[in-house]
Every structure is written in C-alpha cells, then in structure tokens.
Amino acid sequence: SSREKSPTGIFLEILFAARKYQLRRPEQILRSQWAKHADGQPLRYYFAAARLGWHSEALACARQLIRQSDDISSVEAQYLPEMETMSNVTYYHLWQYLKLCSKSASAKLVISSLPKLLCSDGTHQAASPCPHYPHTVTSLTLSWISSIVTEMQSALLKRPCRDTIRVDSSHGTSLLNLIAKDAHSGSGAKTGGSSKGAGTSSSHH
C-alpha cells in the first residue's frame with residue numbers, strides 16, 4: 001500500500017524487523033535517527049515507541065503532538081491503523097498525559113495573591129508611586145493583567161506548551177503591547193504633571 005511505501009512506513013518496518021531478529025547495531029542506528037522521522041508524525045511514532053518500549057521517545061512524541069495541535073482535544077478524533085492492534089492502555093496513557101499537561105499549564109492564577117511588586121532596586125513598594133516605573137499599579141492595571149492571563153489560560157488549556165505564550169506568539173505579543181501601552185500612558189501622565197509644575201514655578205518667578 002502507499003502507506004507501507006512511504007518513508008515512515010519503510011523506516012518503521014525496518015526498525016521492527018531489526019527488533020524482531022535482534023539486530024542490535026541496526027536498531028541503534030535507526031534509533032539515533034528517530035527524532036528526524038518522528039517529528040512529522042508524532043502520534044504514529046508514539047505508538048511505535050510504545051511498542052518498542054522506548055519511554056523517552058514516546059514522551060518526546062507526546063510533547064511534539066501537543067506542539068503540533070491547535071487543540072489537544074482533536075487528538076481524540078485521530079485514527080491510525082496501529083490503534084487496532086495496540087493495547088488500550090497505551091492510548092489511555094497518552095490521553096492522560098495530554099490532559100495532565102493541559103490542567104497543569106492552565107492552572108488558575110489568582111492575581112490578587114501575587115506578591116507586592118518591588119522596584120528594580122528591591123526597595124519600593126507598588127502601593128505608592130514608583131520612581132523607576134511612572135505608573136502606579138492600580139486595580140485598572142490588574143484588570144488587564146487578569147484578562148490577558150485568562151486568555152492565556154484558555155489557550156494553554158487547548159495547547160499546553162511554551163510555544164503558546166512565547167514572546168512572538170499572539171498572546172505574548174498582546175501582553176507586551178498592553179505593558180507598553182500602560183507604561184506609555186503612565187509616563188505621559190507623569191510628564192504632563194511635571195510640565196504643569198514647571199509652568200507654575202515659572203509664573204512665580
């Protein structure tokens with residue numbers, strides 16, 4: 001079939017044959033090339049790794065499956081012929097791992113429980129105006145932090161990996177933009193206040 005003639009099919013057939021006939025050196029060589037092939041079809045190679053008893057390779061495939069999925073719930077709908085002969089326990093372990101990653105990555109962050117913010121010199125509390133950062137941390141500031149965290153939690157629930165919230169991701173970019181906007185507005189307010197004060201001082205003289 002076309003599946004058996006594909007590079008993936010050929011690679012796995014040779015690997016399984018090497019295992020069957022206890023050809024240790026060929027198996028070692030093929031194992032060293034595993035990642036290069038597995039990244040393209042992580043679910044199929046997860047089942048292959050489980051069949052071979054390769055735990056680290058199976059884990060790497062599960063992680064790659066998360067990175068490639070927009071929503072890990074879609075994994076449940078995927079079908080491969082290997083599923084017909086694999087133990088249900090193998091698939092159960094994969095699904096439990098995916099759910100555990102989702103739960104851990106999207107764990108609720110309570111903004112109000114965050115420690116008090118300090119300036120870069122470690123001395124100034126966020127409860128009063130900070131000389132290093134011109135915008136006082138207020139309930140308004142915390143509200144947009146809370147909203148972006150909620151969005152990130154939702155995204156991580158579907159795709160629990162660091163790529164989801166990396167700096168150049170949509171969520172990472174949104175957070176940086178909000179921080180920049182907040183800092184700019186606070187800086188503008190402080191500058192405006194200083195200018196007004198300077199003007200008043202000049203009128204005295």
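## Helix crossing: α5 and α6

A crossing is left-handed if the near helix is turned anticlockwise from the far one by less than a right angle, and right-handed if it is turned clockwise. By this convention, α5 passes α6 in a left-handed crossing. Helices (H or I, at least four residues) and strands (E, at least two) are DSSP runs, numbered from the N terminus.

The axes of α5 and α6 come within 8 Å and cross at roughly 165 degrees; axes are lines fitted to C-alpha atoms, for helices over the stretch in contact, with angles running from 0 to 180 degrees between N-to-C directions. The two helices are therefore roughly antiparallel (under 35 degrees counts as roughly parallel, over 145 as roughly antiparallel, 65 to 115 as roughly perpendicular and the rest as oblique). On the α5 side, P42, L43, Y45, Y46 and A49 meet E57, A58, C61, Q64, L65 and Q68 of α6, contact being heavy atoms within 4.5 Å.

## Basis of the model

The model is predicted: local features need pLDDT of at least 70 and side-chain atom pairs count only at pLDDT 80 or more, whereas totals for chains, interfaces and linings use all residues. Residues are numbered from 1 along each chain as its sequence is written, and side-chain values use heavy atoms, with hydrogens and water left out.

## Nonpolar core

The largest nonpolar core has 29 residues, and those with the most contacts inside it are F11, L12, L15, W34, Y45, L94 and L98. Such a core is a set of buried Ala, Val, Leu, Ile, Met, Phe, Trp, Tyr and Cys residues joined through side-chain atoms within 4.5 Å; buried means under 20% relative accessible area, exposed over 50%, and partly exposed in between (1.4 Å probe, protein chains only). Two or more residues come from each of α2 (7-20), α4 (34-38), α5 (42-52), α6 (55-68) and α7 (88-105), and α5 gives the most, with seven.

Leaving aside neighbours within four places in sequence, Y45 is in contact with T8, F11, L12, W34, H37, A38 and C61.

## Helix α2

With 14 residues, α2 reaches 20 Å from its first C-alpha to its last, close to the 20 Å expected at 1.5 Å a residue; the expected span is 1.5 Å times one less than the number of residues. Its buried residues include T8, G9, F11, L12, L15, F16 and A18. After α2 comes Q22, whose phi is positive, near 55 degrees.

T90 lies in α7 and is buried, with a relative accessible area of 13%. Not counting residues up to four places away in sequence, T90 touches Y46, F47 and A50.

M152 lies in α8 (residues 139-158) and is buried at 12% relative accessible area.
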